[in-house]
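I opened this model to take notes on its chains, their contact and a few local spots. My entries follow in the order I looked things up.

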Amino acid sequence: MRLLGKKRLQWVYSIGLVLVISLFCLAPLYWIVITSFKTPGTEFRKPVEYWPSDLSLESYGVILGPQFRIQNAIKNSFIVSSAVTLGALLVNSLSAYTIARLRFKYKIESLILIQLAGMVPPIVTIAPTFVLIRSMGLLQTLWGLILPNIAYNIPIGTWLMAAYFAGLPTDLEDAAKVDGYPPFSTFWRVIMPLAAPGLFSAGVLAFMGSWGEFMLALTISLGLPDAQTVPVAILTFSQRHELQWAWVSAGIVLSLLPVIVMVLIFQKWVIKGLTAGAVKY
Amino acid sequence: MRLRPNLREPAVALLFIIPAFIGLAVFFYYPIGQTVIFSLFDLDHTTDWMNAPFVGLNNYADVIRSRQFWLSLRFTLIFSIVSVFLQFWIGLAMAMATFAVVPRLRGVLRAIIIIPWAIPQIIQAAMWKWLYNTDVGLIGDVLVRTGLVDSPPLFLADPRLAMGAVIFAYVWKTASVTSIFLMGGLAMVPDHLTDAAKVDGARAWMRFWRITVPLIMPTILVTLLFRTRDALRAFDIIYGLTGGGPGTQTEVLSSFAYKFYFTFVEYGLGSAYALITFVLVMALSLLYLKRIQPHLRFRS
């Protein structure tokens with residue numbers, strides 16, 4: 001009897017904790033979601049409605065329509081982030097392999113060079129990067145975003161992959177060496193398949209990093225929609241239509257949907273990647 | 001046959017690390033060098049420093065002499081200290097909650113905590129602008145309905161409130177990632193230690209300070225390092241939420257430098273601002289790393 005009571009108590013405070021944390025983490029999102037379903041114009045009506053009396057999809061029509069075409073920005077973001085993820089995984093796992101597994105005289109120096117870059121605030125590199133991208137003729141192109149974002153991922157990505165490689169058993173690799181496998185195929189056919197879970201974590205983080213990148217995306221797009229990614233597009237909408245919060249909210253909801261779904265599906269790997277960065281320092 | 005791959009190993013190592021070095025050189029080290037050069041010239045509406053007047057350290061002198069620099073430095077520091085403090089305690093509370101709830105709710109709770117992390121900072125800025133709307137915003141309305149205030153405050157127009165509003169919006173997102181970092185540390189605290197203390201009659205608060213905190217100290221320090229570094233260079237949330245306003249009240253070093261670059265088109269002064277931010281971040285990181293080192297040796 002006492003045991004049953006204790007268990008029930010545990011459930012009660014557990015549910016209490018979940019409710020309080022949900023209120024903190026989700027209330028702002030709930031507000032945006034209901035605003036997006038209000039008939040445009042009624043979002044300013046008082047008293048404030050916490051459950052819209054008339055659910056309307058009008059804002060979604062507007063935000064997907066010819067005036068905004070949020071789907072373009074979402075597509076751009078997907079192209080940029082996918083390309084960055086692939087590029088960063090390749091570059092970072094090669095360098096991480098050198099650092100974690102190969103005999104190399106300048107390991108410490110390399111590691112310092114890589115980690116120092118991770119401390120650089122983006123504001124320090126933005127102006128020359130803008131000039132550089134302009135001189136490469138890549139302003140307002142997705143390539144102008146992809147290349148720098150791969151580089152921006154190098155410090156944390158190399159770190160994560162090196163930590164992962166360092167934890168892998170060495171016997172398969174030794175066997176491959178003895179058999180005379182050339183180094184690249186050892187890397188590609190022996191190490192990479194073993195490192196798949198680590199690659200996955202690092203990949204999700206690289207994707208999310210470039211998905212949210214704003215300063216460069218703003219600077220490179222020059223205010224025109226061709227190469228706008230989601231963050232720039234949403235900011236531009238919200239500044240141009242400051243009083244149309246139902247429209248802006250619909251845009252926010254649509255642009256968040258894909259990443260939130262992705263993060264929830266890959267939750268385990270996200271948490272692994274983030275904690276590896278903090279714990280295995 | 002066995003020797004050949006070994007002989008080539010250093011060469012292969014170099015080959016493998018070269019792509020990363022090229023990336024770093026082009027998008028980190030070259031731009032840093034260029035920014036240093038920019039900061040020594042008077043670059044009014046031009047980036048052509050070779051034909052611009054060399055002014056030595058005058059840009060830095062101008063920056064240090066301006067009142068605005070000290071104000072934005074002050075807010076950068078307030079912003080970082082307050083937000084890291086809040087993120088840490090909220091994040092730790094949420095992380096501990098995931099271990100305190102019944103196992104069946106653990107996954108749900110983690111999923112809820114991770115969601116704010118997934119939202120790009122600039123999109124949060126747009127969200128919070130609406131949440132802080134004076135007439136019909138969620139925050140103001142809730143405050144009025146609960147009777148805490150008589151009329152909704154001007155969150156983003158009142159100079160003092162604007163600072164708090166920016167900090168809170170930033171904390172909302174970053175508490176999420178802080179919490180995930182700390183979960184990693186807490187997961188490594190062995191249950192039997194806290195259980196033993198429980199049997200010995202140690203109160204929850206004592207168990208927390210005497211057992212949990214010392215055990216996760218390395219994770220705490222690394223988390224604080226990452227979070228402080230991130231806060232010192234915050235840009236998106238300020239650019240999107242207040243644009244540095246009202247006036248220049250919520251301007252931080254990064255947002256101010258960005259204005260010098262792309263609004264006033266004064267690359268020389270902007271570069272000086274940016275480099276001062278850099279020095280600040282570096283100095284703090286090194287200080288921290290020095291502090292962390294003994295704990296790291298302990299771990300390995």
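**Chain A, overall.** I read chain A along its sequence and got the pattern α-α-α-α-α-α-α-α-α-α-α-α-α. That comes to 13 helices and zero strands. I keep in mind that this is a predicted model. I then checked the spread of the chain. The radius of gyration of chain A is 24 Å, while the globule rule gives 19 Å for 281 residues, so chain A is more spread out than a compact globule. Its C-alpha trace spans about 75 × 75 × 30 Å along the principal axes. I found that 47% of the 281 residues count as buried. Of the contacts in chain A between residues at least 6 apart in sequence, 76% join residues at least 24 apart.

**Chain B, overall.** From the N terminus on, I read α-α-α-α-α-α-α-α-α-α-α-α. The radius of gyration is 24 Å, well over the 19 Å of the globule rule for 300 residues, so chain B is also more spread out than a compact globule. The C-alpha trace of chain B spans about 85 × 75 × 30 Å along its principal axes. Buried residues make up 46% of the 300 in chain B. For contacts in chain B with a separation of 6 or more, residues 24 or more positions apart account for 66%.

**Between the chains.** How many residues of chain A are in contact with chain B? I noted 82 from chain A, in contact with 86 residues of chain B. On the chain A side, helix α1 (residues 2-37) gives the most, with 13 residues. By class, I have 58 nonpolar, 19 polar and five charged residues on that side of chain A.

**α3 against α9 in chain A.** Next I looked at one helix pair. The axes of α3 (residues 70-101) and α9 (residues 196-212) of chain A come within 8 Å and cross at roughly 135°. That angle makes α3(A) oblique to α9(A). The crossing is right-handed. From α3(A), the contact is made by S77(A), V80(A), S81(A), V84(A), T85(A), A88(A), L89(A), N92(A) and S93(A). From α9(A), I listed L199(A), A202(A), G203(A), A206(A), F207(A), S210(A) and W211(A). By class, the contact has nine nonpolar, seven polar and no charged residues.

**α11 of chain A.** Is this helix enclosed or open? Eight of the 11 residues of α11 (residues 230-240) of chain A are buried, so the helix is largely enclosed by the rest of the structure. I wrote down the buried ones: V230(A), P231(A), V232(A), A233(A), I234(A), L235(A), F237(A) and S238(A). What covers them includes α3, α9, α10 (215-221) and α12 (245-265) of chain A. The cover also includes α5 (121-131) and α10 (236-241) of chain B.

**L138 of chain A.** Last, a loop residue. L138(A) lies between α5 (122-135) and α6 (143-166) of chain A. I counted 18 other C-beta atoms within 10 Å of L138(A), which means it is partly exposed. Leaving aside neighbours within four places in sequence, L138(A) is in contact with I133(A), W143(A) and G144(A). I also checked L138(A) against Y106(A), 32 residues apart along the chain. Their C-alpha atoms are separated by 34 Å.

Note on methods: Residues numbered from 1 in each chain as written. Chains lettered and ligands numbered in written order. Predicted model: local features only at pLDDT ≥ 70, side-chain atom pairs only at ≥ 80, totals over all residues. Axes fitted to C-alpha atoms, helices over the stretch in contact; angles between N-to-C directions. Helix = DSSP H or I, 4+ residues; strand = E, 2+ residues; numbered from the N terminus. Parallel < 35°, antiparallel > 145°, perpendicular 65-115°, else oblique. Left-handed = near helix turned anticlockwise from the far one by under 90°. Contact = placed C-beta atoms within 7 Å. Nonpolar A, V, L, I, M, F, W, Y, C, P; charged D, E, K, R; others polar. Rg over C-alpha atoms; globule rule 2.2 N^0.38 Å. Buried ≥ 20, exposed ≤ 12 C-beta atoms within 10 Å, placed from the backbone.
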